[in-house]
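Please read it with the structure open beside you.

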Amino acid sequence: MSQRKPYRKQPKKRKKGGGFPVPHSLKVFSAVLLIVFLVIGIAGSIDWDQHLPEGGGDEVPQEYLPIYKAAEEEYGVPWNLLAAIHRMETIFSTMDPLLSPVGAEGHMQFMPCTWTGWSHPTCGGLGEGDIPEDVKTDPEQIETYGGYGVDATGNGVADPFDIEDAIYSAANYLAASGAADGEYERAVYAYNRADWYVEDVIAYADRYVAEEEEGSAE
């Protein structure tokens, strides 16, 4: 989420110079191997979750609706925007584990430094930090370091792996980023700085509110 940058693998530089002649058979083998790698690379780049069947990842799970709407009531962030980000980040918490390669955690994929606060002395870079668990989930420490993690359940722990805490925290962050004032695109961009992400989130959010309105009209 916030402070993450899209991962782009840097191409290796080719070395200049001579070398021994390459046998024809090795050239053929290398060409075949290259084709295999290209096929694998293309397959790996496909966002398969975008092609899930109806009810297989795009529909809002009914058990989460009360949480989205309670968070909307608390922070003024539309429930459907929260649902759309939840869908984008972890496909409604169906990803296993709920941990990204760059260190984003939990149901709504917060970087630890955004959750606990960027003034924590270990924070920098992408925001993974080196924050002890008892500090990361302590509401008082989060307040001290200026983080967005929220103890929504009132149990004294602000846990990114607790669904209520995670959704409320996302609402807290989005509200502070402009969503509570209707600046939805700016807030979503702050959550994940990519134009394609903003477009997809807004599209899902529009779809979810339209579907609820259709359901209410029936």
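1. A salt bridge is taken here as a side-chain nitrogen of Lys or Arg within 4 Å of a carboxyl oxygen of Asp or Glu. This is a predicted model, in which local features need pLDDT of at least 70 and side-chain atom pairs count only at pLDDT 80 or more, while totals for chains, interfaces and linings use all residues. Residues are numbered from 1 along each chain as its sequence is written, and side-chain values use heavy atoms, with hydrogens and water left out.

2. A search of the whole structure finds seven salt bridges. One of them joins Arg87 to Asp58, with the closest N and O atoms 2.8 Å apart. Because Arg87 lies in helix 3 and Asp58 in the loop between helix 1 (24–45) and helix 2, the pair ties together parts that are 29 residues apart in sequence. Helices here are DSSP runs (H or I, at least four residues), numbered from the N terminus. Arg87 is buried, at a relative accessible area of 1%, and Asp58 also counts as buried, at 9%; the terms mean under 20% relative accessible area for buried, over 50% for exposed, and partly exposed in between, with a 1.4 Å probe and protein chains only.

3. Two further salt bridges each lie within a helix. In helix 9 (residues 195–217), Arg207 and Glu211 are four residues apart, about one turn of the helix, and their closest N and O atoms are 2.9 Å apart. Arg207 is partly exposed, with a relative accessible area of 27%, and Glu211 is likewise partly exposed, at 29%. Through salt bridges that share partners, Asp58, Glu59, Arg87, Arg207 and Glu211 are joined into one network. In helix 5 (residues 133–136), Lys136 and Glu133 are three residues apart, and their side chains meet in a salt bridge of 3.4 Å, N to O; here Lys136 is buried, at 6%, whereas Glu133 is partly exposed, at 48%.

4. Which residues of helix 2 are buried? In this helix (residues 65–75), they are Leu65, Ile67, Tyr68 and Ala71. These residues cover an arc of only 165 degrees around the axis, which puts them on the same side of helix 2, the arc being that of the directions from the helix axis to the C-beta atoms. On the other side of helix 2, Pro66, Glu73 and Glu74 are exposed. The cover over the buried residues includes helix 3 (79–90) and helix 7 (163–176), with contact meaning heavy atoms within 4.5 Å. Just after helix 2, Gly76 takes a positive phi of about 75 degrees.

5. The count of aromatic pairs comes to ten, where rings of Phe, Tyr and Trp (its six-membered ring) pair if their centres lie within 6.5 Å, and planes under 30 degrees apart count as stacked, over 60 as edge-to-face and the rest as tilted. Tyr64 and Tyr68 form a tilted pair, 6.3 Å centre to centre with 55 degrees between the planes, and both residues are buried. Phe110 and Tyr173 form an edge-to-face pair, at 6.5 Å and 90 degrees. This pair links distant parts of the chain, with Phe110 in the loop between helix 3 and helix 4 (112–116) and Tyr173 in helix 7, 63 residues apart.

Technical notes: Helices (H or I, at least four residues) and strands (E, at least two) are DSSP runs, numbered from the N terminus.
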